[in-house]
Structure formats: structure tokens, C-alpha cells
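Please walk me through this structure in the viewer, one selection after another. I would like to know what to select and what is there.

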Amino acid sequence: MQGVGFRPFVYRLARDLQLAGWVRNSPTGVEIEIEGSPADARRFLDRLRHEPPPRAVVRTVRTVQRPTEGGLPFEILKSGENRHAGGREILPDLATCAQCLREIFDPRNRRYRYPFTNCTACGPRFSIVHAVPYDRVNTTMRDFEMCGRCRAEYENPADRRFHAQPNACPVCGPRLMFADTAGHRAIEEAARAIRAGQLVAVKGIGGFHLFADARNGRALARLRDLKSRPDKPMAVMFPSLRSARRACHINPREAAILASPAAPIVLVARRLPCHFPAGLAPGTPSLGVMLPYSPLHHLLMFQLQGPVVATSGNLDGEPICTGNREAHERLANIADGFLTHDRPIARAVDDSVVRVVAGRETVLRRARGYAPAPITIPKPVPPILAVGGDLKNTIALSSGNQVFLSQHHGDLATAAAHDSFARHLRDFPELCHASPRAVACDLHPGYHGTILADSQPLPVIRVQHHHAHLAACLAENGLGEEVLGVAWDGTGFGTDATIWGGEFLLATMSSFERFALLRPFPLPGGELAVREPRRTALGLLHEAGINAAETGLAAAFSGEELKILGTVLHRGLNVPRTSSAGRLFDAVAALLGVRHRCSYEGQAAVELESLVSPGGPPESYPFSTNAGPPLVIDWEPAVRAVLADLQAGASPATVAARFHQTMVEIIVEIAHRAGRSKVAMSGGCFQNRHLIETAVIRLQKEGFEPVWHRHVPPNDGGLALGQVIVASSALSTTT
Ligand code: ZN
Ligand code: ZN
Ligand code: FE
């Protein structure tokens, strides 16, 4: 049977008879599942045949008996949508759709200038959900009783707001406030404050932002100072794609992502000369750009008619503020004004960050607009909860051949971040409709997730950090075979209890063998070296037997410091050794004088990458490989060549380009040695667009098939997916 309005008819009929179940379109017709008493089921079938809506014809009805499912309220599913295998999915928050946008700018519409307008195609979801099923009573909209007109829309299957859970209007919905002003005046007042150079906290979809006029250098400097965030680039919200294009180069792929329902921050190239204050994104030619994604943002940006810095409303390192009182307390010393409203936020969801790499979207921070949408994996796996890593934390939970990946929780170093992580670990299984049979975590004994995993009753499966990175990459690319995996990042605990990070693993989704690594070197001061690339460089030179005092690096230290660190290195006091590629990039940045101390993670690598200008492939530096297994790649010839280049007066840009090329040639060389056709690249180093794009081109030229990330971050934000994948095979071989 087919026909217009058939599914709404089935829906009304089922609700009428108080039957549970669902209806959906399928390639063979309409599929319906009902659950109720035999008498009601017969009545349903009878009326289905005899009372179809006009223009609909019922040709045949085939029925089968199935076990009951637990009586979830009847609903209309999208074709192909499934509510059993982890179904009843909670969708990510979606940016305002074109129809809703037209309504809020239409003076004749009842939602004119109403900042909480939405429909089934747009609006908040994940950020307002307390519990499943996704019904209004389980959202932060439960205290807003719909007015007659909103309820009529909500109940009319033909309306675009049919079952739009956050449906609201100016009569019955949430209200906006700025100090003592309400409604649209609040937006006008907030815009006036921003234009006057003030810092305004704006309650958005997944938390508070701090807004400042992006063209006002003084406001920007004050924001950086108050947030204790001296250098980390800040994102800019533009009123429209057109205005963003005046300041940045935005290609069609990037434009499509900016305008997508996920509406993330997209890292794009700035136009030069750049008219923004220097403090906006120092040390990098790119800029994080976003467009308004809620009616509130659209209305505010329309008032402002210019770009604003939109940085998350928090102290650096802490989770984004979500509650009104919390924001007033925590942001009291930063914000001059608060544009807030009375629709609570159920969970903190940051802006996502995306970069187009080799022509393809790569998600670097997966949060609003993406989480908690599942990643489809090649084979079904048992339900496993993975706790991820300590930096850029996300958690994951498998259900059949889907893995739900949580939003970014940030670094678990602060108590507030740790709390939100622990809370989410408790409610994620319920939201995803799966009860885990095991918990997967990192090998690192000191990670917060590892400690938490050990403290609960389920079996715990530990997964090596770099194997998890690669398993995530293989899983999202659907690759079952063994590949050469290049896992390059800052730090990860190795199976030999040393710090890994420059690894080449022969890897599948279930096992790995360490095929090659970068020659390890000492990090004087351990963690301190992560924040001070100058220390890392000193460790590197020490390992190579090069006297730092005879290089330019000496200028980064006082004579006293140099003496003390020399002793520390010789005696081996608190000098862990690492094979980390991330630290090697840091060390080279320090040798070039680009960055000696970092104020945010990855700063040295970001600035080193920024130096490289596009152009033909530069020469690469020599390196050697020592006999394996595992093969050890010796960077010493390259480091000596870097120093010689610098001594000969080569520019840092030239040296940076040659060093990047060297790292790519190392990948190509090991790929030849390993002899696997596919080469997968994962780990934080592969956020470096220049590195990955060059590696992709070189590997393809040599006949290899490069594989890299798209939906899942290459950094530690992707670990949880990899942990689920590796743990699932461990679980199925032990049970
Ligand atoms: Zn809409
Ligand atoms: Zn209403
Ligand atoms: Fe990592």
C-alpha cells in the first residue's frame, strides 16, 4: 500500500487504540510494529484495511508475531531507522533551519524575533535531554506548558512541528533576559554592550559563550587576560557566510560544513593582510570561523552586523558553564553582562571544531552537532563502555554495529571536568539504551578513566594508547585487514611502561605488533618538558651528543639553568625517555627559536606548521634506520642538518618545511619496509594539515593507500572509539 499521509494515519490509529510500537517506510511498503492486547491488535488491523486516508490504497497486509519490546510509545520512524538495536536514538543539536529562520525575521509571523523557535528539522536535542525516551517530559522544556497553538502544531502529524519536543512560542516558551530587560530589547541591549567593547556572556545551546567585538583589540586583550588564555586562538562568529568570506578564504567544502545542521567551527585560512587585532589567533594564519546556529545567535548577529569573538564561557581548562547561577558566579570577574534565558541546559556541549584536510572533513573536536550520533562499524560488537583518555576526553558505548561517542569533555585535570565526565559515565548507558558488559580504558595506570574503570564491578579491558588511536581510524574507515599504522602523538603509555608517541604498528582492530619507532630521547623534567619545548630540545641534543651551548638553543636559557639541566640529564634524574613524534616536533620548534614555552597544548607544533608556506616539495633531511625488530628510526642526521641549515642562515620557514618533508619521508620509508598496502595515520600529530596532506600525496605516489580520520578526531578525542573496538575482540575471545 502507499499513499499520502499514510504514516500519520497509522500513528493516529495506534495512539487511538493505545498501542505501542512504530511505523516506518521501507523499500517494500510500510512496516508497522504494534504492541498491545490481541483484541486491540485485531481492531487496529481491521481499521487499517477499511479506513485508510483518502488516496491511500491498502493492497496486502502481511502479519508476523514477534516478542514484545516493552511498550514504548508509538512513533513514526524515518525509513531505515531502527529503535531496537540501540534505537530511540538521541539526535545531536541541530542548527536553525531555513524555514524557522524565515519565521523569526517575518514581522507577520507569531514567532517574529522569538529566539527559541525550532521545528523537527532543527533546534536543541542532546543538550536538553535528561533521560530517554526523547519526550518533552524528559527534556528541560518540561516546565513550559505549550499554549493552544503550539500544542496544535505538536499534535498535528502534518505540521512541521509535529512532536518537536522543544516546540515553543513567545506566549508559552522560554524568555530572554539581559540585566533587567527582557525579550528583543535584551538582544538590543546585549548588542549595544558588545559594540561598546564590553564582554558579554551569552547562553547558547550547549553552554555559555563569552562574546566580544572581534575588531576591538582592547576588549580582546581584556578577555584573554581575564580568561588566563594568553595565546590560544579564539573562534569568531560572523553574521553570515558573506561577511566571513570578506575576512577568510572559504572553499565550497568549508562553506558547506559551516552551513550544515551541525554548524561547527571550521578552521580556515585568513585573508592577508588580516584586519583583526593581532591577539585574535597569534602564531597561525588560520582562523576558527562559525556562523549563527540558534535563533538567538541569528537575532544577536543581525543586530551587531559584525564579527564577534565567541569563546567558551569558562576559565581556561574548565568545562563550559551551563547554569544561570553558575555562570553568574564563575564568570563574575570576566563578563560585564549576561544574556541569559530560562530554558535550562541539561548537559554541557561545546562547539565542535572541523578542518578540511585533503579535501575532506576531519572532525578535530566532536561535540555540538555531532555527539552523540553513533559511528557505524563493520561488525556488531558486545556492549562495552570506554572511558577514553585524560586529554580531550570523550567516552564511547557500543550497541550492535554502532558506537555512540560522547561529546568532548575537555581535559580531566580540573575537578569540574572530572565531575562532568563521571556524571556522563553514569547516564550515558541509559541515554544509549545499552548496558555495558565490560569497561575499556587506557593502559596508563594514572589516567582518571583507568582509576574509575577499576572502581566499578564490570570486567576491565586495558587498551594500549596508540593501538586505540589506530583502531578508531580503522573502524571508522571500515577496514578489517592488517595495515601499517602510523600513530604519532604527544604522549601515550607503552606496553613496556615507557612513553610512546612515534609508533609504527602493524595493526588490525584486534591486535598489533610494534614494527618501528622513533629513536627515544630524554625529557628533562618530564611533564615540564611538555610545556617547555626548550627542555625537550635540550634532551634531544643531549641524546645526540651535541653540546647545546654551541647552538642557538643556549639563548633560551640562563647560564645557571643550562648548568642545572646538564647535570639533570647526565645523572638521569626525572628524565623519562620517549619515542614521541609530538615531542620531536616541539624540539625542532625550539631549535628554530619558534617557541620555547607553550601556554596551550600543541602550541609549538601549530606554530611550526604555520611557518610552512605552500609550494613545491622541499628537500628533506637525511635519517637512518637501525636494525629491528622493532626498527628504530634515527632522527640524529636530520637534527644535525637542521642545525647546519640554521648556522648557514637558512630561514626558519625553510627549515620547518624541510623538517615536515623529512617526517613524511620517514613514513614512506617505513611503509616500504612494512610492505602493507594500506597506511593508516592517527594521533594528535595528524591534526597538522600540512603533514597529512603531504603524506597522503607521497604515499599515493609510491603506490600505497593512505587512510586517515573523518568523523572521529585523530587526537585523544578518538581514543574511546578505538578502546571499544580493541576491547570487543578481547571480550569475544575470552568469553
Ligand atoms: Zn526549523
Ligand atoms: Zn506557544
Ligand atoms: Fe594520543
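**Stop one: the zinc site**

Begin by selecting Cys119, which is buried because its relative accessible area is 2%, under the 20% cut-off. The model is a predicted one.

Next, show the zinc ion (ligand 1) together with Cys97, Cys100, Cys119 and Cys122; the SG atoms of these cysteines coordinate the ion at 2.3 to 2.4 Å. Angles of 103 to 119 degrees between the four donor atoms make the arrangement around the zinc ion tetrahedral. Along the chain, the donors have the spacing C-x2-C-x18-C-x2-C. Cys97 sits in the loop between strand 3 (75–76) and helix 3 (98–104), while Cys119 sits in the loop between helix 3 and helix 4 (148–155), so this pair ties together parts that are 22 residues apart in sequence. Cys97 also counts as buried, at 13% relative accessibility.

**Stop two: strand 1**

Select residues 20–26, which form strand 1, and pick out Arg24 within the strand. Is Arg24 buried or exposed? Arg24 is buried, since its relative accessible area is 15%.

**Stop three: the nonpolar cores**

Select Leu484, Trp488, Phe504, Leu553, Met663, Ile667 and Ile670, the residues with the most contacts inside the largest nonpolar core, which has 71 residues. Helix 20 (residues 652–674) supplies the largest share of this core, 12 residues. Another core, of 46 residues, lies apart from that one; to find it, select Phe126, Leu176, Ala193 and Ile194, which are among its members.

Note on methods:
Residues numbered from 1 in each chain as written. Chains lettered and ligands numbered in written order. Predicted model: local features only at pLDDT ≥ 70, side-chain atom pairs only at ≥ 80, totals over all residues. Heavy atoms only, no water. Core = buried A, V, L, I, M, F, W, Y, C linked by side-chain atoms within 4.5 Å. Buried < 20%, exposed > 50% of the residue type's maximum accessible area, 1.4 Å probe, protein only. Helix = DSSP H or I, 4+ residues; strand = E, 2+ residues; numbered from the N terminus. Donors = N, O, S within 2.8 Å, 3.2 Å for Na, K, Ca; no water. Tetrahedral: all angles 85-135°; square planar, octahedral: opposite > 155°, others 65-115°.
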